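Q: Let us read a protein model together, one feature at a time. Please begin with what the backbone does just past the end of a helix.

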Amino acid sequence: MPAIAVCGPFGAVKEQAALWLPMPEDAPWYFKDYHAYYKTERGYHHRSLNSNSGWNVIGCQSFMNMPILQYSNEIRSAVMVLHGNKAHSCYFGKDAYAAMMNGNKYQDNKKLLLVLGANHTDLYAQTDIIPFDKWLIFFEEYEITEISGSKEGFDMVKQTAGRDALDDSAPKFAQLNDDVLFGEVCQGRIISA
């Protein structure tokens with residue numbers, strides 16, 4: 001797989017290699033999973049790094065100064081870690097969950113949910129295997145729909161992506177996705193559990 005170098009205002013930026021076209025028969029299984037999503041109509045987008053040239057090789061250096069899971073065991077809020085058990089990255093979800101639970105005084109509102117047979121990209125848009133029912137139970141159990149706070153003078157943008165894609169199969173999840181996660185939270189309001 002060839003690496004790609006792009007010249008920018010700060011000199012050459014070395015990017016990770018893009019996915020092969022066509023995918024060789026002897027490629028690692030997780031490359032085939034990513035290829036089946038990012039290089040097909042299922043997930044291709046002309047501006048997507050995963051569909052095209054790949055990520056910057058040094059893109060995560062900032063994490064060297066802050067170990068990403070160091071303080072996760074101090075999280076008090078409800079957290080669900082969701083992964084396909086066939087995902088190349090499933091180990092990270094399991095490790096993140098274990099780190100969050102290790103010594104955490106607030107363990108009752110944490111959940112690790114593994115979707116059997118699902119790979120990394122299956123959970124992006126395969127609505128027949130995404131466990132909306134389990135999400136809804138989790139959201140309701142920890143009252144994740146209750147919103148308080150606002151920013152003065154801040155106009156809320158009405159989100160509809162979840163309803164557009166999921167309203168028939170998971171209407172409550174679509175509503176929570178649009179109104180709570182991508183509405184209230186992303187636009188500056190606070191969730192109170």
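A: Helix α4 is followed by E143, whose phi is positive, near 50°. Here helices are DSSP runs of H or I with at least four residues, strands are runs of E with at least two, and both are numbered from the N terminus. The model is predicted, so local features need a pLDDT of at least 70 and side-chain atom pairs 80 or more, while totals for chains, interfaces and linings use all residues. Residues are numbered from 1 along each chain as its sequence is written, and side-chain values use heavy atoms, leaving out hydrogens and water.

Q: Which residue takes a positive phi just after α2?

A: That residue is G103, with a phi of about 80°.

Q: Which residues of α4 are buried?

A: Buried means under 20% relative accessible area, exposed over 50%, and partly exposed in between (1.4 Å probe, protein chains only). In α4, which spans residues 132–141, the buried residues are F132, W135 and F138. They cover an arc of only 125° around the axis, which puts them on the same side of α4; the arc is that of the directions from the helix axis to the C-beta atoms. I137 and E141, on the other side of α4, are exposed.

Q: Which residues of α2 are buried, and against what do they pack?

A: The buried residues of α2 are C90, G93, A96, Y97, M100 and M101. Seen down the axis, they fall within an arc of 130°, so they line one face of the helix. They pack against β3 (79–84) and β4 (110–115), where a contact means heavy atoms within 4.5 Å.

Q: How many residues does α2 have, and what span does it reach?

A: Helix α2 (residues 90–101) has 12 residues and reaches 17 Å from its first C-alpha to its last, close to the expected 16 Å. The expected span is 1.5 Å times one less than the number of residues.

Q: Is F92 buried or partly exposed?

A: F92 lies in helix α2. Its relative accessibility is 39%, so F92 counts as partly exposed.

Q: How many helices and strands does the protein chain have?

A: The chain has 6 helices and 6 strands. From the N terminus, the order is β-β-α-β-α-β-α-α-β-α-α-β. Of the 193 residues in the protein chain, 31% are buried.
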